[in-house]
There are 2 protein chains.
Amino acid sequence: MPAPRTRRSADQRRAEITDAARELALAEGLSAVTLRAVAARVGVASGLVAHYAPSMDELVASTFGDIVGGELAELAMLLSGIADPTAQVATLLATVLDGSRTDVTLVWVQSWGMGERNEALAAEARSRMDEWQQFIAALLHTGVASGDFRVEDTQGVAWLLLGMIDGLSAHTLVRWGESEGRRELLVRAVEPLLGLEPGRLRSR
Amino acid sequence: MPAPRTRRSADQRRAEITDAARELALAEGLSAVTLRAVAARVGVASGLVAHYAPSMDELVASTFGDIVGGELAELAMLLSGIADPTAQVATLLATVLDGSRTDVTLVWVQSWGMGERNEALAAEARSRMDEWQQFIAALLHTGVASGDFRVEDTQGVAWLLLGMIDGLSAHTLVRWGESEGRRELLVRAVEPLLGLEPGRLRSR
DNA sequence: GTGCATGTTGATCACTTGATCAATCGCATC
DNA sequence: GATGCGATTGATCAAGTGATCAACATGCAC
């Protein structure tokens with residue numbers, strides 16, 4: 001039986017396709033976001049995906065953007081419910097390293113490795129990294145303004161924190177477990193960067 | 001004109017192939033290590049590469065191992081000429097973050113992202129990460145023994161250092177430049193982890 | 001010189017990828 | 001109900017992947 005043809009509005013179909021792409025990327029990585037794989041997941045002919053996507057490179061890039069943008073929005077939401085800057089940073093570190101986001105981490109790591117061959121993806125990765133850096137910098141800035149932190153180079157420290165987070169996250173892709181002990185150590189390394197006395201970030 | 005057929009010993013040809021694979025990986029990434037690309041670089045029929053390599057997955061994995069193994073050996077050589085543990089760590093950080101090794105960094109990052117689809121590569125990556133971690137741990141151990149460092153959880157701190165290094169290195173793939181300022185900050189974060197007074201790691 | 005073990009070729013298979021496009025048909029509009 | 005816009009199909013192309021193998025020929029042993 002040939003699949004029954006269903007007809008949607010263009011916007012609706014577009015949404016289905018981007019959703020399917022995101023689900024695929026989270027389940028099997030960005031390299032699994034393929035013309036036919038997306039089509040199969042939507043339950044549609046391959047040509048239709050090609051019809052809506054400018055190119056697969058761009059679909060992969062925008063899928064990456066969706067995922068990591070959503071992650072940041074989620075985190076921002078979580079932190080917005082916390083008043084104390086120190087607690088915010090503590091929560092940031094705890095959340096990002098809790099090992100429950102290997103799917104998003106894989107997407108990040110693949111974006112760095114695939115950027116060599118997919119210029120749209122590389123550009124999107126740069127943009128999203130900036131977004132994250134600015135988010136962290138804003139966090140630090142708030143803490144400095146309130147007198148909780150003492151940071152000179154806010155931008156630089158934000159980059160450093162992001163680098164640490166990304167590196168430790170990437171490691172969990174290959175070596176999971178032991179994340180508990182490493183957060184403790186990370187916290188000890190971060191405190192002096194923020195001008196905090198030892199132990200302040202741990203209280204939580 | 002059909003290419004003139006040249007005949008080498010099996011060992012010699014094997015060496016040519018692994019060399020070509022390494023060069024390709026460094027120039028264009030692990031994903032460029034392809035049956036035909038390697039054959040073309042050696043100047044040989046594709047079938048010959050298949051004849052010597054158990055499979056392309058394994059050739060990619062062993063190529064990765066060659067590259068990062070060589071990197072570590074090179075670094076070990078460099079550090080062996082330094083007596084003071086503090087200077088050793090300072091040199092380690094300076095060397096790894098000097099931005100002159102984006103080729104090796106790309107190989108690292110790709111190994112994490114491709115491990116999903118290449119089990120041999122994933123295993124090799126795990127093994128090489130262990131190697132690095134043990135190397136750093138030994139460095140720390142020496143410093144503790146000599147009284148230069150004060151570190152309780154040597155293994156944990158080694159993992160943390162490696163994570164920081166990998167994360168910051170990965171960032172240089174997308175955002176190069178500014179590496180100078182970040183080393184300064186990294187050093188400030190690492191000092192307390194080693195039980196060093198502020199500024200000790202910077203003296204170099 | 002001759003023989004032949006073994007290094008080497010390149011055509012070939014089966015598969016996957018992104019992309020194109022004429023043909024088809026669902027469905028809102030009239 | 002009939003019309004036609006536009007969403008949808010699926011066959012098709014060109015390119016690239018790893019792998020296989022019968023045929024070939026090189027250069028050493030004798």
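1. Just after helix H1 of chain A, residue A:Gly29 takes a positive phi of about 95°. The structure is a predicted model, in which local features need pLDDT of at least 70 and side-chain atom pairs count only at pLDDT 80 or more, while totals for chains, interfaces and linings use all residues. Residues are numbered from 1 along each chain as its sequence is written, and chains are lettered from A and ligands numbered from 1 in the order in which they are written.

2. H1(A) itself runs over residues 10-28, and its 19 residues reach 27 Å from the first C-alpha to the last, close to the 27 Å expected at 1.5 Å a residue (the expected span being 1.5 Å times one less than the number of residues). Helices here are DSSP runs of H or I with at least four residues, strands are runs of E with at least two, and both are numbered from the N terminus.

3. Which residues of H1(A) are buried? They are A:Ile17, A:Ala20, A:Ala21, A:Leu24 and A:Ala25, where buried means that 20 or more other C-beta atoms lie within 10 Å of the residue's own, exposed means 12 or fewer, and partly exposed lies in between, with C-beta atoms placed from the backbone. Seen down the axis of H1(A), the buried residues fall within an arc of 130°, so they line one face of the helix; the arc is that of the directions from the helix axis to the C-beta atoms. The face turned away from that buried side carries the exposed residues A:Asp11, A:Gln12 and A:Ala27. What covers the buried residues includes H2, H3, helix H4 (56-80) and helix H6 (102-114) of chain A, a contact being a pair of C-beta atoms, placed from the backbone, within 7 Å.

4. According to an unreviewed UniProt entry, residues 11-71 of chain A are annotated as "domain: HTH tetR-type"; UniProt positions follow the numbering used here, feature names are shortened, and annotations may be inferred rather than shown by experiment. In the model this span is 80% helix and 0% strand, and its end C-alpha atoms lie 24 Å apart.

5. Around DNA strand C there are 26 residues, the closest being A:Leu35, A:Gly47, A:Ala50, A:Ser55 and B:Gly47, where near means a C-beta atom, placed from the backbone, within 6 Å of the strand. H3(B) provides the largest share of this surface, with 4 residues. The surface divides into 10 nonpolar, 9 polar and 7 charged residues, counting Ala, Val, Leu, Ile, Met, Phe, Trp, Tyr, Cys and Pro as nonpolar, Asp, Glu, Lys and Arg as charged, and the others, Gly among them, as polar.

6. The contact between the chains takes 38 residues from chain B and 38 residues from chain A. On the side of chain B that touches chain A, H8(B) gives the most, with 14 residues, and that side divides into 20 nonpolar, 10 polar and 8 charged residues.

7. A:Val174 belongs to helix H8 (residues 154-174) of chain A and is partly exposed, with 17 other C-beta atoms within 10 Å. Leaving aside residues up to four places away in sequence, A:Val174 touches B:Trp112, B:Gly115, B:Ala122, B:Ala125, B:Arg126 and B:Met129.

8. As for the whole of chain A, its secondary structure comes to 9 helices and 0 strands, and 38% of its 204 residues count as buried.

Definitions and conventions. Two residues are in contact if their C-beta atoms, placed from the backbone, lie within 7 Å.
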